[in-house]
Amino acid sequence: MSPKAWEEELARKKTITANQNFQHLARVQPTPPVLLSPTKESTEPRNPARRRTLPPRLPVRHWRSATPSSPAPCLPVSQAPSPPASAVHLRRWAAAPSFSAAPSRLAPAYFGRDMKNEIQESVDILKVVKGANKFKGAEEPSGVLKGAQNAWDMLSEEQSQKHISTGSSDLSDILGGGIHCKEVTEIGGVPGVGKTQLGIQLAINVQIPVDYGGLGGKAVYIDTEGSFMVERVYQIAEGCISDIMEHFPYHHHKASSGQGNLQPERFLAGIYYFRICSYTEQVAVINYLEKFLGEHKDVRIVIIDSVTFHFRQDFDDLALRTRVLSGLSLKLMKLSKTYNLAVVLLNQVTTKFTEGSFQLTLALGDSWSHSCTNRLILYWKGKERCAYLDKSPSLPVASTPYAVTSKGVRDAATPNCKRVRIM
């Protein structure tokens with residue numbers, strides 16, 4: 001048999017099989033379905049000798065009426081058997097004449113099945129869409145725009161807030177008055193330059209009573225390196241109290257807080273200390289902070305010393321480390337805005353090969369530099385400690401010397417200092 005004759009024979013058998021299936025459906029259903037137009041091969045005379053008995057097949061689902069004379073009805077969306085399988089099908093389905101564009105006509109169960117969302121999430125999405133459709137003017141915010149704040153209110157709130165003093169007036173000046181609340185500040189530098197000393201100083205200064213120009217809050221200190229020494233904290237607290245007495249020699253008798261609150265024991269009791277021994281504990285503590293801050297409304301600063309230590313020791317997958325750190329930074333940013341507190345992240349340094357030589361740079365890579373609002377770099381210039389404001393959205397780049405004394409962080413004796421090259 002030639003190939004052409006074989007194809008004609010195969011097409012004829014397919015036509016016979018299709019006709020037999022439709023005849024079987026006509027016996028099962030009360031009304032025969034609409035038949036497709038026959039092909040050219042189906043008009044040929046049949047050979048009765050080639051007819052064979054076929055097993056019964058399942059009835060085919062038809063969405064049109066069984067009689068050719070009746071019009072094809074348009075089914076509502078809620079009675080459709082299943083949603084489209086993709087977003088492209090969803091757009092085509094929405095463009096059909098029988099589709100209603102109102103969100104209320106779209107069943108949440110079908111919508112969630114197509115978008116692979118939970119049913120409750122689908123309901124929430126539909127509520128947002130309905131709220132956006134009801135938007136009529138700027139005076140009546142919808143569900144999407146609810147909670148917007150204008151820039152004037154933000155500026156007024158910024159100017160009315162107090163800042164946390166660093167202990168050094170020169171260092172506080174280049175920071176715009178001190179460490180800002182509702183912001184994440186990164187402080188990095190080489191070992192021994194005074195990062196931990198500055199962190200302890202901030203944990204003490206945030207507790208200065210409001211009558212003496214402070215915030216009157218408390219501090220959370222997360223220690224990952226084990227460099228937090230209580231004896232040193234006691235010394236810095238005594239130095240802070242002596243400075244208050246020096247600047248306000250007679251004010252403590254009239255102050256509502258009284259001289260009884262100016263005791264080193266009170267300052268130590270206002271520091272909530274967490275000791276972290278692995279990066280899993282660090283992630284768990286930062287996730288727990290939201291509940292802890294909800295129970296302790298008077299916390300005004302969170303200090304992590306340092307955010308780098310465990311992530312440099314235990315992580316081999318750098319891509320996973322970047323994702324975990326990005327999640328932590330977003331969490332800390334949210335906490336600073338929600339609870340009106342300052343977040344201070346102490347960071348280490350590493351070497352980076354650039355321009356044909358190795359230079360010092362802060363650890364965790366360039367992607368981590370976007371995780372903070374302000375960046376302060378501490379470095380040595382000879383035997384003098386200097387601080388350089390490397391990044392700030394509202395302050396100019398500046399540098400100043402500072403000193404670490406028995407009382408804590410204070411102003412340096414020499415006024416001017418230039419920055420050495422640190423990337």
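Helix axes are taken here as lines fitted to C-alpha atoms over the stretch in contact, with angles running from 0 to 180 degrees between N-to-C directions. In the predicted model, helix 7 and helix 8 pack on this basis at an angle of about 55°, their axes lying 10 Å apart. The crossing in which helix 7 passes helix 8 is right-handed. To this contact helix 7 contributes Gln197, Ile200, Gln201, Ile204 and Asn205, while helix 8 contributes Arg232, Val233, Ile236, Ala237 and Cys240; by class, the residues of the contact are six nonpolar, three polar and one charged.

Buried positions in helix 8 are Arg232, Val233, Ile236, Ala237, Gly239, Cys240, Ile241, Asp243 and Ile244. The elements that cover these buried residues include helix 7 (195–205) and helix 10 (264–269), together with strand 3 (271–275), strand 10 (398–405) and strand 11 (408–411).

Elsewhere in the chain, Gln161 lies in the loop between helix 5 (151–160) and helix 6 (169–174). With a relative accessible area of 17%, Gln161 falls under the 20% cut-off and is therefore buried. When neighbours within four places in sequence are left aside, Gln161 is in contact with Cys181, Lys182 and Asn340. Gln161 and Asn340 are 179 residues apart in sequence, whereas their C-alpha atoms are 9.8 Å apart in space.

Definitions and conventions:
Residues are numbered from 1 along each chain as its sequence is written. This is a predicted model: local features need pLDDT of at least 70, side-chain atom pairs count only at pLDDT 80 or more; totals for chains, interfaces and linings use all residues. Side-chain values use heavy atoms; hydrogens and water are left out. Buried means under 20% relative accessible area, exposed over 50%, partly exposed in between (1.4 Å probe, protein chains only). Helices (H or I, at least four residues) and strands (E, at least two) are DSSP runs, numbered from the N terminus. Contact means heavy atoms within 4.5 Å. A crossing is left-handed if the near helix is turned anticlockwise from the far one by less than a right angle, and right-handed if clockwise. Ala, Val, Leu, Ile, Met, Phe, Trp, Tyr, Cys and Pro count as nonpolar, Asp, Glu, Lys and Arg as charged, and the others, Gly among them, as polar.
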